[in-house]
Amino acid sequence: MYLVEDQHGVEDQHGDLLLIEKYIPIFGNPTLTDTFKVKKLKKSDRMSPELVDMDVIGNDAVVFVGGHESIVIKTDGFPGLQPNSIYYSVEEVEESDEESGEESVEVGGIFHLDDGSIKRYDNETLTIPLYDAV
């Protein structure tokens with residue numbers, strides 16, 4: 001079971017409006033991002049538009065989701081970016097390892113829409129504070 005922690009509206013590379021929802025687990029560690037859902041605002045025959053679930057942003061696009069702004073960019077000029085992914089930042093979240101007593105801080109990650117996997121970054125693996133940069 002998941003809880004929507006945050007929502008971001010963003011325009012994609014085709015001019016469509018997307019809603020990016022960030023989810024955290026209700027049980028377990030509620031400080032770590034667990035998954036994302038992407039929905040597209042679609043015109044319908046009804047009086048109001050509807051939100052349609054999407055599992056592909058594009059094989060040539062990524063979404064950056066930050067605390068203040070979100071943006072979709074094409075990956076053509078950025079070969080290091082992983083297409084069809086959401087790059088996200090979070091406020092500093094401390095998580096302690098009960099066995100070692102060490103603390104780590106999740107500052108962001110990459111969510112891959114293809115398979116739903118997340119590569120997390122912490123304060124040890126990033127050289128700049130991502131949550132301030134985005």
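Contact here means heavy atoms within 4.5 Å. The structure is a predicted model, in which local features need pLDDT of at least 70 and side-chain atom pairs count only at pLDDT 80 or more, while totals for chains, interfaces and linings use all residues. Residues are numbered from 1 along each chain as its sequence is written, and side-chain values use heavy atoms, with hydrogens and water left out.

**View 1. The protein chain as a whole.** Among contacts between residues at least 6 apart in sequence, 34% join residues at least 24 apart. The protein chain has one helix and nine strands; helices (H or I, at least four residues) and strands (E, at least two) are DSSP runs, numbered from the N terminus. The order from the N terminus on is β-β-β-β-β-β-β-β-β-α. The chain has 134 residues, of which 34% count as buried. Buried means under 20% relative accessible area, exposed over 50%, and partly exposed in between (1.4 Å probe, protein chains only).

**View 2. The aromatic pair of Phe36 and Tyr88.** A search of the whole structure finds three aromatic pairs. Rings of Phe, Tyr and Trp (its six-membered ring) pair if their centres lie within 6.5 Å; planes under 30 degrees apart count as stacked, over 60 as edge-to-face and the rest as tilted. Phe36 and Tyr88 form a tilted pair, 5.2 Å centre to centre with 55° between the planes. Phe36 lies in strand 3 and Tyr88 in strand 7 (residues 85-96), so the pair ties together parts that are 52 residues apart in sequence. Phe36 is buried at 5% relative accessible area, and Tyr88 is buried at 2%.

**View 3. The aromatic pair of Phe36 and Phe111.** These two rings are also tilted, at 5.5 Å centre to centre and 50° between the planes. Phe36 in strand 3 and Phe111 in strand 8 (residues 103-112) are 75 residues apart, and their pair links distant parts of the chain. Both residues are buried. Ring pairs link Phe36, Tyr88 and Phe111 into a cluster.

**View 4. The loop residue Phe27 and a nonpolar surface patch.** Phe27 lies in the loop between strand 2 (17-25) and strand 3 (35-42). Its relative accessible area is 62%, so Phe27 is exposed. Together with Met1, Leu3 and Ile26, Phe27 makes a nonpolar surface patch of about 470 Å². Patches join residues with over 30% relative accessible area and no salt bridge: like charges within 9 Å, nonpolar side chains (Val, Leu, Ile, Met, Phe, Trp, Tyr) within 5 Å. A salt bridge is a side-chain nitrogen of Lys or Arg within 4 Å of a carboxyl oxygen of Asp or Glu.

Key
Areas by Shrake-Rupley, 256 points an atom, 1.4 Å probe, with all protein chains shown as cover.
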